[in-house]
Amino acid sequence: MSRERRLTQVFIELADTLVAEFDLVDFLGRLAEATVELLDVDAAGLMLTDDHGVLHVMASSDDQAELLELFELQHDQGPCPECFRTGTPVLNVDLDRWPEFASAAAAGGYQSAHALPLRLRGQVIGVMNLFRSCPAPLGAEDAALGQALADMATIGLLHEREVRGHQLLAEQLQHALSSRVVIEQAKGMLAERAGLTPPDAFTAMRTYARRTGCGLTAVATGVLNGTLRTSSLMTS
């Protein structure tokens, strides 16, 4: 399948998540995965800010990227914090600008990192992170497409607020953060029960959610309370 056809398919898939019951964590997770698939990057992640202006990691394409995103937040250095403060893309910047972040990135297998803003009516509500295992610059086409995908996330948030009667972003974010806790707990429980790695356990839950049309949070809740059998999740 050509990149153009796959891009069209991805936008349709993402738009479809806005029609059914909206699950922010699942929506952003799909977006992170689509970003890695469509762009010349090895990992991607998305962060959102709360009503106090504090960023939170909401979705990552893999665990290593999530660790690096958390490092950025804890040390307040790297492309992501700078992108959030300025509201402008941070692309093809020498990571030596942030020595500690550069070391952490190298330890995780990444030699370059980039950040794109999620803007909502002039207000920056989050950041998309892009990580690459090679030092080559991110091309202009990939940068433009990445921003388009980041804008898609913003559209999703706008839609959700409209559907829920202009629900406050803070409430939406808190629900998503709570969902992430449930998903992480279920991922660990399923991994132990089925003898899987945590990433494989997450993939199994996500695949089941997509196959059945359930929200990822609902699937995770079923794993935790025992109403969803492990054998059901292992069925391809």
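**Entry 1: the fold**

I began by counting elements, and the chain comes to 10 helices and four strands (DSSP runs numbered from the N terminus, H or I of at least four residues for helices and E of at least two for strands). From the N terminus on, I read their order as α-α-β-β-α-α-α-β-β-α-α-α-α-α.

A note to keep in mind: this is a predicted model, where local features need pLDDT of at least 70 and side-chain atom pairs count only at pLDDT 80 or more, while totals for chains, interfaces and linings use all residues. Residues are numbered from 1 along each chain as its sequence is written, and side-chain values use heavy atoms, with hydrogens and water left out.

**Entry 2: overall form**

Along the principal axes, the C-alpha atoms fill a box of roughly 50 × 40 × 40 Å. I also found that 47% of the 236 residues count as buried (under 20% relative accessible area, with a 1.4 Å probe and protein chains only).

**Entry 3: two domains**

The domain assignment gives me domain 1 (3-164) and domain 2 (179-234); such bounds come from an automatic or database assignment. Their C-alpha centres lie 24 Å apart. Across the divide, 10 residues of domain 1 are in contact with 11 residues of domain 2 (heavy atoms within 4.5 Å).

**Entry 4: the second largest pocket**

Next I turned to the second largest pocket, with a volume of about 340 Å³. A pocket here is an open set of points on a 1 Å grid over the protein atoms alone, where a 1.4 Å probe fits, with protein on both sides within 12 Å along at least five of seven lines; lining residues have an atom within 4 Å of a point. Grid points are joined across faces, edges and corners, and the volume is the space filled by probe spheres set on the points.

Of its 21 lining residues, S60, S61, D63, K187 and F202 are the closest to the centre. Helix 2 gives the largest share of the lining, five residues.

**Entry 5: one residue**

Last, I checked D142, which lies in helix 6 (residues 140-163). D142 counts as buried because its relative accessibility is 12%. Leaving out residues up to four places away in sequence, D142 touches R3, L38, L39 and D40.

Conventions: Buried means under 20% relative accessible area, exposed over 50%, partly exposed in between (1.4 Å probe, protein chains only).
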